[in-house]
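Here is a short tour for someone meeting this structure for the first time. Have a look at it, then read on.

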Amino acid sequence: MPDSIEIVEVGPRDGLQNEPRPIPTEAKIALIDALSGCGFRRIEAASFVAPGAVPQMADGAEVLAGIARAPGVRYAALAPNLKGYARAKAAGADEIAVFASASEGFARANLNASVAESMARLAEVAQAAKADGLALRGYLSCVIACPYDGPTAPAQVARGVAALVEMGCFEVSLGDTIGAGTPETVRAMLFGAQGAAPPETLAGHFHDTGGRALANVEAAMDLGLRVFDAAVGGLGGCPFAPGAPGNVATGALVARMEKLGVATGIDMGRLARAAALALDMRGDAEED
Ligand code: HMG
Ligand code: MG
């Protein structure tokens, strides 16, 4: 068991992108500001994708302009192409995340391109980020299964990880986009991924089906991963992956780590206040 792990808070992006009801920019800013005091070193704050694809994220520039930037926190943003990169850079994102898929079906649905075409596009973003000295993170989606193609072979994951590392990503976050993983399939996937990159350069990104995400985190931790993505209040899903559940809830992850004696550096009291804001923003909260 490690002494500590890092949690990357992705709720303001991976969580809110899935909310069908328009969320006011000020509410997004308030959520990020509440998260800024919790002890995260990285918060994914926005994405600069085609506004027609994800209207909820269209106000990324206003969100980044409005937040109170806390010292020691890196505010990250997703960019799928050079246009998105230019917008993210102009908005002052501290870290850029490019995103690819291990499977062809999700690449087509999410990026309107094949895996190879999207990797070529992302390599352009990577080159630009490198020239500007901006940190570049990579995401690989559907590492366990794809809503269109079914199970993903570990070799596909290894190829995707290798491509993202090759283009300059300092870390690759492995996305179980539809929460299909179990500890067994996560281990098999990681054996594949580790052929392409060492565990200290990999992160776990588990969407949570039936509460299995915590067990999947532990399986990944056993294999050397030390960075995990989570979303405050368990927000999340993916508009392009039908049925994708929310991300593992940050509070549940912190609580589990505390029980295991693994430090996260997250203040649970402050996180609970941020989670209350997040839950208020959820469309289904109103219906409950
Ligand atoms: P496309 O339609 O093939 O792109 O979409 P295009 O280049 O033909 O452009 C279409 C229009 O969008 C044009 O405008 C472009 O200018 C505009 P028009 O000429 O029609 O007026 N456009 C943009 N505008 C602003 N910013 C941009 C941008 N790009 C194009 N960056 C594209 C291809 C990749 C752009 C589109 O499919 C897209 O934006 N996809 C993003 C989808 C997305 O955000 N998905 C969710 C994030 S990924 C995820 O959640 C998984 C993750 O959490 C990990 C996991 O769980 O697995 C990361
Ligand atoms: Mg996700």
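## Where ligand 1 sits

Ligand 1 sits in the largest pocket. Here a pocket is, on a 1 Å grid over the protein atoms alone, an open set of points where a 1.4 Å probe fits, with protein on both sides within 12 Å along at least five of seven lines; sitting in it takes more than half of the molecule's atoms within 2 Å of its grid points.

This is a predicted model: local features need pLDDT of at least 70 and side-chain atom pairs 80 or more, while totals for chains, interfaces and linings use all residues. Residues are numbered from 1 along each chain, chains are lettered from A and ligands numbered from 1 as written, and side-chain values use heavy atoms, leaving out hydrogens and water.

## What surrounds it

Of the 28 residues around ligand 1 (a heavy atom within 4 Å), Lys83, Asn110, Asn112, Ser141 and Thr177 come nearest. Helix H4 (82-90) is one of the elements that supply at least two shell residues, and H4 gives the most, with 3. Helices (at least four residues) and strands (at least two) are DSSP runs, numbered from the N terminus.

For polar contacts (N or O pairs within 3.5 Å), Arg87 and Asn110 each place a polar side-chain atom 2.8 Å from a nitrogen atom of ligand 1.

## The magnesium ion

Which protein donors does the magnesium ion (ligand 2) have? They are Asp14 (OD), His205 (NE2) and His207 (NE2), 2.0 to 2.3 Å away; donors are N, O and S atoms within 2.8 Å of the metal (3.2 Å for Na, K and Ca). Asp14 in helix H1 and His205 in strand E9 are 191 residues apart, linking distant parts of the chain.

Methods:
Polar contact = N/O pair within 3.5 Å; in protein donor to acceptor, adjacent residues only side chain to side chain. 1 Å grid on protein atoms, 1.4 Å probe; cavity = no way out; pocket = protein on both sides within 12 Å on 5 of 7 lines; lining within 4 Å.
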